[in-house]
Amino acid sequence: CALPISRCHSFLCPVKQKQLIAHVHGGRVERLEGLPGTATGQVGPGGMVTITVNAFGIVGHVQGRVDSGGGAGIWSSNSIICSRGDWLAFPPAQ
């Protein structure tokens, strides 16, 4: 599991920052805890992250990279209100 913090850059988005937990098993994203709907995707070789989130007709695309020290990337969606942002992932606490 990683602990991503998602930030929204859209002015109208009511949620400027959200903490999520990504559940990954065998390189496959099983779910994103903290978001409604479904999440599918993978963490591929070299830590490349590609995730698609579907919630209430909104489709979001997440991209980036992670490794044992954390990670970062961007996201975009078809929502007019919360259309784009970035994320940072922190390694699990020891």
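Reader: Does C13 count as buried or exposed?

Author: This is a predicted model. C13 has a relative accessibility of 5%, so it counts as buried, the limit for that class being under 20%.

Reader: Which residue forms a disulfide with C13?

Author: C13 is joined to C82, and their sulfur atoms are 2.1 Å apart. The torsion about the S-S bond of this pair is about 90 degrees, so the disulfide is right-handed.

Reader: And where in the chain are C13 and C82?

Author: The bond links distant parts of the chain, 69 residues apart. C13 belongs to the loop between β1 (3-8) and β2 (17-19), while C82 belongs to the loop between β8 (70-77) and β9 (84-90).

Reader: How many disulfides does a search of the whole structure find?

Author: The search finds 1 disulfide. C8 takes part in none; the nearest cysteine sulfur, that of C13, is 3.3 Å from it, whereas a disulfide requires sulfur atoms within 2.5 Å. C8 is buried too, with a relative accessible area of 9%.

Reader: Let us return to the loop between β8 and β9. What does the side chain of S79 reach?

Author: S79 lies in that loop, and its side chain reaches the backbone nitrogen of I81 at 3.2 Å. A polar atom of the S79 side chain also lies 3.0 Å from the backbone nitrogen of C82, the cysteine that forms the disulfide with C13. S79 is buried, its relative accessible area being 15%.

Reader: A change of topic: what volume does the largest pocket have?

Author: Its volume is about 920 Å³. There are 43 residues lining this pocket, and S6, L20, L32, L35 and V53 are the closest to its centre.

Reader: Which element gives the largest share of that lining?

Author: That is β7, with 6 residues. The elements that give two or more residues to the lining are β1, β2, β3 (21-25), β6 (48-55), β7 (58-67), β8 and β9.

Reader: How many of the lining residues are nonpolar, polar and charged?

Author: The lining divides into 30 nonpolar, 9 polar and 4 charged residues.

Reader: Finally, which residues have the most contacts inside the largest nonpolar core?

Author: They are L32, A39, I51, W75 and W87, in a core of 14 residues. At least two residues of the core come from each of β4 (28-33), β6 and β9, and β6 gives the largest share, 3 residues. L32 is also one of the residues closest to the centre of the largest pocket.

Terms used:
Residues numbered from 1 in each chain as written. Predicted model: local features only at pLDDT ≥ 70, side-chain atom pairs only at ≥ 80, totals over all residues. Heavy atoms only, no water. Helix = DSSP H or I, 4+ residues; strand = E, 2+ residues; numbered from the N terminus. Buried < 20%, exposed > 50% of the residue type's maximum accessible area, 1.4 Å probe, protein only. 1 Å grid on protein atoms, 1.4 Å probe; cavity = no way out; pocket = protein on both sides within 12 Å on 5 of 7 lines; lining within 4 Å. Points joined across faces, edges and corners; volume = space filled by probe spheres on them. Nonpolar A, V, L, I, M, F, W, Y, C, P; charged D, E, K, R; others polar. Core = buried A, V, L, I, M, F, W, Y, C linked by side-chain atoms within 4.5 Å. Polar contact = N/O pair within 3.5 Å; in protein donor to acceptor, adjacent residues only side chain to side chain.
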